[in-house]
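Welcome to this short briefing. Please take a moment with the sequence and the model before reading on.

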Amino acid sequence: LFEKLGIVTRIQHGWKYRVELSDTFTPHHHHLTCQNCKRVISFDEPSGFDSMITEIATSKGFVPKHHNLEIYGTCQVCTIVNK
């Protein structure tokens, strides 16, 4: 219900998901997810990122409405531990 009302946004992490407050209540941001320890690190868009997304979409004849960016890899702690 909260998703339908636009209160929360579903964030997929593999086969699982979590929910967080939507952009209506928190600033738009993205996530880095460690595939080893499952830690999720939020980060804000760099300046000009939104216009880059729009440019890419419009070059393909697409009209973007919103976007999500999820980056998967290994966090700094797991990288150091696994050396």
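What follows goes from the overall fold to the surroundings of one histidine.

This is a predicted model. The protein holds five strands and two helices, and their order from the N terminus is β-β-β-β-α-β-α.

**Overall dimensions**
- The protein has a radius of gyration of 15 Å, whereas a compact globule of 83 residues would have one near 12 Å.
- Along the principal axes, the C-alpha atoms occupy a box of roughly 45 × 35 × 25 Å.

**Burial, contacts and surface**
- Of the 83 residues in the protein, 18% are buried.
- Among contacts with a separation of 6 or more, 34% are between residues 24 or more positions apart.

**Charge**
- There are 9 positive and 8 negative side chains in the protein, and 11 Å separates the centres of the two sets.

**A look at His 31**
- You will find His 31 in strand E3, which covers residues 29-34.
- His 31 is classed as buried because its relative accessibility is 1%, and the cut-off for buried is under 20%.
- A polar contact of 3.2 Å links the side chain of His 31 to the side chain of Glu 70.
- Beyond its neighbours within four places in sequence, His 31 also touches Leu 69 and Ile 71, and its contacts there include Ile 11, Arg 18 and Glu 20 as well as Val 40, Ile 41, Ser 42 and Phe 43.

Note on methods:
Residues are numbered from 1 along each chain as its sequence is written. This is a predicted model: local features need pLDDT of at least 70, side-chain atom pairs count only at pLDDT 80 or more; totals for chains, interfaces and linings use all residues. Side-chain values use heavy atoms; hydrogens and water are left out. Helices (H or I, at least four residues) and strands (E, at least two) are DSSP runs, numbered from the N terminus. The radius of gyration is taken over C-alpha atoms; the globule rule is 2.2 Å times the number of residues to the power 0.38. Buried means under 20% relative accessible area, exposed over 50%, partly exposed in between (1.4 Å probe, protein chains only). Contact means heavy atoms within 4.5 Å. Lys and Arg count as positive and Asp and Glu as negative; His and the chain ends are not counted. The place of a charge is taken as NZ of Lys, CZ of Arg, CG of Asp or CD of Glu. A polar contact is a pair of N or O atoms within 3.5 Å; within protein, one must be able to donate a hydrogen and the other to accept it, and residues adjacent in sequence count only if both atoms are side-chain atoms.
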